[in-house]
Amino acid sequence: MNDTAILLVGHGSRNRDGNKEILHFAAQWREQHPTWRIEVCFIEHAEVLLDEGLDRAARDAGQVQVIPFILNAAGHVKMELPAAIERARQRHPGVAFSCTRHLGMGREILGVLQGQLDRLMKSLAMPDPRTTGVVLLGRGSSDAGANGELAKMARWVFEDNHHDLVDLAFTSITWPRLESVVQRHVRLGMGQICIVPVYLFTGVLMERIKAQVERLRQQYPQVSFALGSHFGFDPGIFRLLDSRVGAGEDADAALLECDGCKYRLAAEAEHLHDHSHTHVHGDEHGHDHSHGHAAHHCGHDHGHDHGHAASTPA
């Protein structure tokens, strides 16, 4: 690690507090590993973006290990980040750049979500789980694989608990939305509903969720709602990042193309191999991406589901 710089890449938020939280996380992580050199940059909505962050990390370093500090891989992780790393390699030919997989939706994140659910159930005085619905609430993506990862988490939570209903909802981009899922739970007799946001840090969408839940409390006064929070500072997240350090040494094996991924198919169909892209902006992270990148992927897992996310059956 003496000549290695670790670059933590956050998504970035229009809410400055969200970006500050990531910087605070990095400061805590440095305290845990005082011999590590840890830099931070963001993909959007921040002062230090990818190119500058990669340049900073490359200074006086023989190796740069990039860690996407993002839960689900969509266009940013699959396309923009690998393209930025390739540009950095051209600018810094003497530096070895590698990229680990994004945080993903594995057993480590399941443990964090389970801890959130346990705390919400305690806040409701431990009601009967059979009459307590659970909603995992994600950001939402135009990438079906990213949405499918949250569906996997919903199924795992269902398997590990005794709730009759464990569903997923999304804050933007895709459906179902929170209001529709809550309406279904109420119709099916749930007297309590635990809402677990699948977010690392605060931001515009976390504030939106709080407002939505307040409206739902007024709309369904007979139902007790318990709302969780973002969980980026959970000890499990620090442990997960610790496991990522050093995992980028086999980066060439990690950056594999994914058959059937719509970003790859679009790039191949257009025969475009530059790194230009067009953003069509909506609400925060509610924009679609039309990419002209070559088909690069940063630590993309081939086991993701390209089908549509479905609610967990009762």
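In which loop is Ala125 found? Select Ala125: this residue is found in the loop between helix 4 and strand 5 (132–138). Helices (H or I, at least four residues) and strands (E, at least two) are DSSP runs, numbered from the N terminus.

The model is predicted, so local features need pLDDT of at least 70 and side-chain atom pairs count only at pLDDT 80 or more, while totals for chains, interfaces and linings use all residues. Residues are numbered from 1 along each chain as its sequence is written, and side-chain values use heavy atoms, with hydrogens and water left out.

**The whole chain**

Display the entire chain. Its secondary structure comes to 10 helices and 10 strands. Of its 314 residues, 55% count as buried; buried means under 20% relative accessible area, exposed over 50%, and partly exposed in between (1.4 Å probe, protein chains only). Contact means heavy atoms within 4.5 Å. Among contacts between residues at least 6 apart in sequence, 79% join residues at least 24 apart.

Return to Ala125. Its phi is positive, about 65 degrees, although Ala125 is not a glycine. Ala125 is exposed, with a relative accessible area of 62%. Now select Met126, which is placed in the loop between helix 4 and strand 5. Met126 is not a glycine, yet has a positive phi of about 55 degrees. With a relative accessibility of 55%, Met126 counts as exposed.

**Helix 4 and helix 5**

Select residues 107–123, which form helix 4, and residues 144–160, which form helix 5. The two helices pack at an angle of about 60 degrees, and their axes are 10 Å apart. Axes are lines fitted to C-alpha atoms, for helices over the stretch in contact, and angles run from 0 to 180 degrees between N-to-C directions. The angle therefore makes helix 4 oblique to helix 5. Angles under 35 degrees count as roughly parallel, over 145 as roughly antiparallel, 65 to 115 as roughly perpendicular and the rest as oblique.

Show the side chains at this contact. From helix 4 come Arg107, Ile109, Leu110, Leu113, Gln114 and Leu117, which meet Met153, Trp156, Val157 and Asp160 of helix 5. The residues of this contact divide into 7 nonpolar, 1 polar and 2 charged. In this classification Ala, Val, Leu, Ile, Met, Phe, Trp, Tyr, Cys and Pro count as nonpolar, Asp, Glu, Lys and Arg as charged, and the others, Gly among them, as polar.

Is Leu117 buried or exposed? Leu117, found in helix 4, counts as buried at 3% relative accessibility. Leaving aside neighbours within four places in sequence, Leu117 is in contact with Val134, Val157, Asn161, His163 and Cys194. Leu117 and Asn161 are 44 residues apart along the chain, and their C-alpha atoms are separated by 10.0 Å.

**Helix 4 and helix 8**

Glu108, Ile109 and Val112 of helix 4 make the contact with Gly236, Ile237 and Leu240 of helix 8. By class, 4 of these residues are nonpolar, 1 is polar and 1 is charged.

**Helix 2**

Next, select helix 2 (residues 50–58), in which Leu50, Gly53, Leu54, Ala57 and Ala58 are buried. They cover an arc of only 135 degrees around the axis, which puts them on the same side of helix 2. The arc is that of the directions from the helix axis to the C-beta atoms. These buried residues pack against strand 1 (4–10), strand 2 (37–42), strand 3 (63–68), helix 3 (75–91) and strand 4 (96–99). Asp60, which follows helix 2, has a positive phi, near 60 degrees.

**The loop between strand 6 and helix 6**

Finally, select Pro176 in the loop between strand 6 (166–170) and helix 6 (178–187). The peptide bond from Trp175 to Pro176 is cis, with omega near 5 degrees. Ser172 also lies in the loop between strand 6 and helix 6, and counts as buried at 1% relative accessibility. Ser172 and Arg139 are 33 residues apart in sequence, but 6.0 Å apart in space, C-alpha to C-alpha.
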